[in-house]
Amino acid sequence: ERLPDGVTLFTLEARPATLSVGDQETRVLTYNGTLPGPLLLLEEGERVRIVLRNALPDATNLHLHGLPIPPAVDDPHRVVAPGAETSYEFTVPEGSAGTYWYHPHLHGSVTRQLFEGLSGPLLVRGPLERSGPLAAAWEHVLVLSDLSIDNGRVADHTEMDWGRGKEGSLLLVNGQVRPTLTVRTGLVRLRLINASTARYHQLALPGRALHVIGQDGAFLEAPVAMESLLLVPGERADVLVTAEEAGTLQLLSLPYARTPAGPSPREPVALLTLQVEGAPTRADLPTTLRPVERLDERSAVATRTLTFTGAMNPIRFMVNGRTYEHHRTDLTVKADTLEVWELRNPSPMDHPFHLHVFPFQVLTRDGVPAPFPAWRDVINLRAGETVRIAVPFREHTGDVMLHCHIVEHEDRGMMANVRVT
Ligand code: C2O
Ligand code: CU
Ligand code: CU
């Protein structure tokens, strides 16, 4: 809806609903009654107001994951009580065209609210998509999530689930079990969002390469062809597939071991079927996309180490040895400077690292340089791995958070407050 003052208005109402999930009537949590919530489609430069109404029995709030907007707007410390509403107003930054999503971020409640269904996709459109191959591509937004059902309700978390991160037995794409999507022959564009609390997806489309053109909230410089693509919780990928002839393709989730308990899933699982229809045609990939700035780590003003660990009895998680506290500032950085962060994961399981508001670039993984430059906001830290990233703190000041995006770990303390002054 366009308001008279030129602001585009979106309204999200968080409310419980009973929906059919994998053929079972289940009480879930929704935005506006659907699983996932509605697609928020924004344009670079657009002024936007998102009103969040809380029709849940518990407090909640909203996080616009990945958007580089002022921390005072996207503030996870906000608490929206049952029956209350709040609004988030901002201008969509130029150059932010990419794939994002939204979900609650009330510390301690994120896991259950997300696992029970509260999330939705958000896309920002920019000039690259107005003409050329991307304008002609068939596009689908695919929100990947998972769920376990117990007697018409979403299954509870066990103590073990808080340690490992809970994986639901139903693998959902846009709220459905193994849906079939119809596309026309030509170029197919998949906007993939991993909205699971903890499940990793090693994605593949047998018979076709995945031509990655964007990761998280940004385009790459040129398409990168991959046979399979790891998508960890919170992470997004913008992928082109050439479908020159009619036929069927299966999007698979392949086994990947993120904990010592072994691979999950144990066998490849089909997430969805792509039904390609129409006359044979050529599908030409774009050759270049958008330049990615090279960051010079020699201009960094500080190098810091962040170490991600867990402990038992009770199960809890730490950044630099400390569990999260609301009012503690863990790191202070200077605006308009570049920092290098060394992210260390000495624990026996993977942790997906996420930083709000300030996109960053991977420099090295265990000393090996990143294969191509890319702006990221979520990256996986494999068990035992050290990843060095360069983070420019530009444009915004205020308080932001970094955390593990296995949200069980976030709720159990693997989060820190960063103050940018
Ligand atoms: Cu999607 Cu702080 O997270
Ligand atoms: Cu976020
Ligand atoms: Cu973690």
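## Strand 4 and its partners

Strand 1, which covers residues 8-21, pairs with strand 4 in the parallel sense over seven bridges, and within strand 4 it is Arg 49 that stands opposite Leu 9. These descriptions refer to a predicted model. Strand 4 also pairs with strand 6, residues 85-91, this time in the antiparallel sense and over seven bridges, and in strand 6 the residue standing opposite Leu 52 is Thr 86.

## Domains and the contact between two of them

The chain is divided into domain 1, spanning 8-124, domain 2, spanning 133-277, and domain 3, spanning 297-420. Taken over C-alpha atoms, the centres of domain 1 and domain 2 are separated by 21 Å, and the contact takes 26 residues from domain 1 and 26 residues from domain 2.

On the side of domain 1 that touches domain 2, the elements giving two or more residues are strand 2 (24-31), strand 7 (98-103), helix 1 (110-115) and strand 8 (120-125). The residues of this side of domain 1 divide into twelve nonpolar, eleven polar and three charged.

## The largest nonpolar core

The largest nonpolar core has 102 residues, and those with the most contacts inside it are Leu 64, Leu 122, Val 188, Leu 192 and Val 241. In soluble globular proteins, nonpolar side chains tend to be buried together.

Leu 122 shows what such surroundings look like: when residues up to four places away in sequence are not counted, Leu 122 touches Leu 40, Leu 42, Leu 64, Tyr 100, Trp 101 and Tyr 102. Of these, Leu 64 is itself one of the residues with the most contacts inside the core.

## Thr 259 in a loop

Thr 259 is found in the loop that runs between strand 21 (247-254) and strand 22 (269-277).

Not counting residues up to four places away in sequence, Thr 259 touches Arg 164 and Met 349. Val 241, by comparison, lies 18 residues from Thr 259 in sequence and 31 Å from Thr 259 in space, C-alpha to C-alpha.

Definitions and conventions
Residues are numbered from 1 along each chain as its sequence is written. Chains are lettered from A and ligands numbered from 1 in the order in which they are written. This is a predicted model: local features need pLDDT of at least 70, side-chain atom pairs count only at pLDDT 80 or more; totals for chains, interfaces and linings use all residues. Helices (H or I, at least four residues) and strands (E, at least two) are DSSP runs, numbered from the N terminus. Two residues are in contact if their C-beta atoms, placed from the backbone, lie within 7 Å. A nonpolar core is a set of buried Ala, Val, Leu, Ile, Met, Phe, Trp, Tyr and Cys residues joined through C-beta atoms within 7 Å. A residue is buried if 20 or more other C-beta atoms lie within 10 Å of its own, exposed if 12 or fewer, and partly exposed in between; C-beta atoms are placed from the backbone. Domain bounds come from an automatic or database domain assignment. Ala, Val, Leu, Ile, Met, Phe, Trp, Tyr, Cys and Pro count as nonpolar, Asp, Glu, Lys and Arg as charged, and the others, Gly among them, as polar. Two strands pair if DSSP finds at least two bridges between them.
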